[in-house]
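Colleague: I would like to learn how to read aromatic pairs in a model. Could you walk me through some?

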Amino acid sequence: MPAYNEEIYEAEGLNRTHRTLPAIMTVMSAKPFTLTQPKYAMSGAKQTASVTMTGFDATNTGGVCKTFYHETFTSPFPGYTFEVNGPIITVAWDNHGGKVPQSEMVATLGISNIQQVAASGWIGSPGYHGCLDKQPYRSSLYDFHSDFHADIISKDELYIIYMTIETNANLLHQVHFTDPTTFIKYPISNSPADNPITLYMRIDDLAIDWKPTPDTFFLGRWNSSLTPERI
């Protein structure tokens with residue numbers, strides 16, 4: 001098996017050329033950033049990618065720090081685009097004993113808060129890392145003052161998705177998940193990490209709105225692995 005190894009990068013200017021992937025890769029930035037790994041063919045039977053908003057030394061913490069993304073794929077690997085609303089992300093790959101693939105990795109500063117419903121993913125408040133009993137990352141470069149808005153979109157296809165939401169927001173500052181087609185709104189508050197609210201929705205798009213307050217956070221993680229139905 002390949003040796004255990006890790007790589008650490010700054011997001012600004014990251015353009016990792018096409019070569020063998022490490023076991024773990026950490027990317028850091030003072031500003032929010034977007035990390036992209038393109039689609040590629042796999043010579044092995046399968047590959048698993050796991051993501052935490054921590055350094056590489058905190059990826060196996062027995063649940064103390066939450067896994068934001070965990071997916072296993074067979075060839076071809078579909079690639080991903082992660083929007084990182086915080087200072088650090090670590091991606092760990094498990095090739096299940098197969099040949100380690102080669103791939104490039106690109107990061108750009110800034111996030112759009114627009115994501116695809118077809119791919120499993122997450123959306124969260126600035127600086128939230130999912131580690132128990134730890135305050136979210138704070139920085140003057142994060143926007144804690146403007147109303148938060150994000151969209152999870154498709155290309156005119158209906159998906160059935162499961163989304164778990166955790167937040168310490170109270171009833172006066174709920175996180176609103178809205179289906180813009182039916183205008184059905186799901187207001188969420190006081191949803192603890194150890195017992196989060198789960199939404200089961202059949203949607204093509206989803207809008208997320210939230211008014212930040214000091215020391216509040218939210219995280220929504222979704223899985224939409226079912227085959228879409230045409231509208």
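Modeller: Happy to! Let's begin with Tyr200, which is exposed at a relative accessible area of 53% (buried means under 20%, exposed over 50%, partly exposed in between, with a 1.4 Å probe and protein chains only). This is a predicted model, where local features need pLDDT of at least 70, side-chain atom pairs count only at pLDDT 80 or more, and totals for chains, interfaces and linings use all residues. Residues are numbered from 1 along each chain as its sequence is written, and side-chain values use heavy atoms, leaving out hydrogens and water.

Colleague: How is a ring pair described, and how many aromatic pairs does the structure hold?

Modeller: A pair of aromatic rings is described by the distance of the centres and the angle of the planes. Rings of Phe, Tyr and Trp (its six-membered ring) pair if their centres lie within 6.5 Å; planes under 30 degrees apart are stacked, over 60 edge-to-face, and the rest tilted. The structure holds 11 such pairs. One of them, Tyr128 with Phe217, is stacked, at 4.3 Å centre to centre and 5° between the planes.

Colleague: Are Tyr128 and Phe217 buried or exposed?

Modeller: Tyr128 counts as buried at 9% relative accessibility, and Phe217 is buried at 17%.

Colleague: Which pair is tilted?

Modeller: Tyr162 and Tyr200 form a tilted pair, 5.0 Å centre to centre with 55° between the planes. Tyr162 is partly exposed, at 43% relative accessibility.

Colleague: Which residues do ring pairs link into a cluster?

Modeller: Phe68, Tyr69, Tyr80, Phe82 and Trp122 are linked that way.
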